[in-house]
Amino acid sequence: MECVFGLVGNGFAIVAADTSAVHSILVHKSNEDKIMVLDSHKLIAASGESGDRVQFTEYIQKNVALYQFRNGIPLTTAAAANFTRGELATALRKNPYFVNILLAGYDKETGPSLYYIDYIATLHKVDKGAFGYGSYFSLSMMDRHYHSGMTVEEAIDLVDKCIMEIRSRLVVAPPNFVIKIVDKDGAREYAWRESVKDAAVASA
Amino acid sequence: MQIFEYNGSALVAMVGKNCFAIASDRRLGVQLQTIATDFQRISKIHDRLFFGLSGLATDAQTLYQRLVFRHKLYQLREERDMKPETFANLVSALLYEKRFGPYFCQPVIAGLGDEDKPFICTMDSIGAKELAKDFVVAGTASESLYGACESMFKEDMEPEELFETVSQALLSSVDRDCLSGWGGHVYVVTPTEVKERILKGRMD
């Protein structure tokens, strides 16, 4: 099942997501990137219904870009999170999106932040968060080892511990994970943790 | 799966001598999993009016935004704050608007009316008001809260004694409810000041 988790460190926020695209018992691909770069300093890690996930996160990404074009300044992380929650809440009683979101961002004035947004539009600012069956393992791991103001090395170590726990204890554990980081220098991919590589596509 | 028990909550408001207290638990959960232990369930409308929303967190957040919006408009038009009785009518009307597709919330409203007379009320999810002279409760721990408040309540308590009573009633009730707890948030409001206190109870 889809595993997404994240935490806030000293001047940065990290999110990790599994990279399997699954339909029933079939794994379509195992290098699907579920963490979208929302803008220069924001990441949106989404899990849930695949169509809704892609559609909704792209919709949010384009609207965040539109705000920047119209107003000349980017949205803060809190504003983007509240906008996302608003869209989910409006759609909830009409045509709900089954997407769970962890929104990580860095603002110059307030530093790093992580927002937990449920598929039924419950919004909460957190220091550590997780979705999916993997959350039972990663949240407990983070409860044990997390402290505020962790360095990047300590945080990556904790993320690796969580991935190890998910791989060894979850029955349908996803093999590969992607880790992305956002700090004052922007949002970027940090690393992949692969234990199964997709076969290379044959060239025409 | 009961929709009112999805996130877990406990709310209580009590009347004292020219003062009132409103208290809530701090847990935000998703059924059996705890997501956060610092969730704010009580919001301030103005210095003499507080309200809390128990039930589904997403609807509580949506309702809070709508109510703050309506009160700000009222302030612009009337150039004064809303009386607690008026606010309770507003909440009731907003809830009944959605009679056949309701917000899954139970509000608890507490305020100081004319001549500093404390006012408390609660209502169900479709806006049926329940005025009370002594205390009102809401949330997953409401049955325990009824018992605890009934036995601990005394007429005309001073603010300090009221705080003790409300805190003990809240903590003992949430200790019997697995879906609420992780501390408490108590506001004691007198005509001259608002005292906000965080309680540390059984952190489970």
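Setting aside neighbours within four places in sequence, Asp183(A) is in contact (heavy atoms within 4.5 Å) with Gly11(A), Phe12(A), His41(A), Tyr106(A) and Arg188(A). The model is a predicted one, where local features need pLDDT of at least 70, side-chain atom pairs count only at pLDDT 80 or more, and totals for chains, interfaces and linings use all residues. Residues are numbered from 1 along each chain as its sequence is written, chains are lettered from A and ligands numbered from 1 in the order in which they are written, and side-chain values use heavy atoms, with hydrogens and water left out.

Back to Asp183(A), which sits in strand β11 of chain A; helices (H or I, at least four residues) and strands (E, at least two) are DSSP runs, numbered from the N terminus. With a relative accessible area of 11%, Asp183(A) is buried; that word means under 20% relative accessible area, while exposed means over 50% and partly exposed in between (1.4 Å probe, protein chains only). The side chains of Asp183(A) and Arg188(A) are joined by a polar contact of 3.0 Å. A polar contact is a pair of N or O atoms within 3.5 Å; within protein, one must be able to donate a hydrogen and the other to accept it, and residues adjacent in sequence count only if both atoms are side-chain atoms.

As for chain A as a whole, it has four helices and 12 strands. Its radius of gyration (taken over C-alpha atoms; the globule rule is 2.2 Å times the number of residues to the power 0.38) is 16 Å, close to the 17 Å that the rule gives for 204 residues, so chain A is as compact as a globular protein of that length. The C-alpha trace of chain A spans about 45 × 40 × 40 Å along its principal axes, and 50% of the 204 residues count as buried. Among contacts in chain A with a separation of 6 or more, 59% are between residues 24 or more positions apart.

Now to the charges. Side chains of opposite charge can pair when their charged atoms come close. Counting a salt bridge as a side-chain nitrogen of Lys or Arg within 4 Å of a carboxyl oxygen of Asp or Glu, the total over all chains is 22. One of them joins Asp33(A) and Lys180(A), at 2.7 Å from N to O. This pair links distant parts of the chain, 147 residues apart: Asp33(A) is in the loop between β4 (26–29) and β5 (35–39), and Lys180(A) is in strand β11 (residues 177–183). Asp33(A) is partly exposed at 33% relative accessibility, whereas Lys180(A) is buried at 5%.

Another salt bridge pairs Asp59(B) with Arg93(A), their closest N and O atoms being 2.9 Å apart. Here the pair crosses between chains, from helix α1 (residues 57–78) of chain B to the loop between α2 (77–92) and β7 (99–107) of chain A. Asp59(B) is buried, at 2% relative accessibility, and Arg93(A) is partly exposed, at 42%. A network of salt bridges also links Glu2(A), Asp18(A) and Lys34(A).
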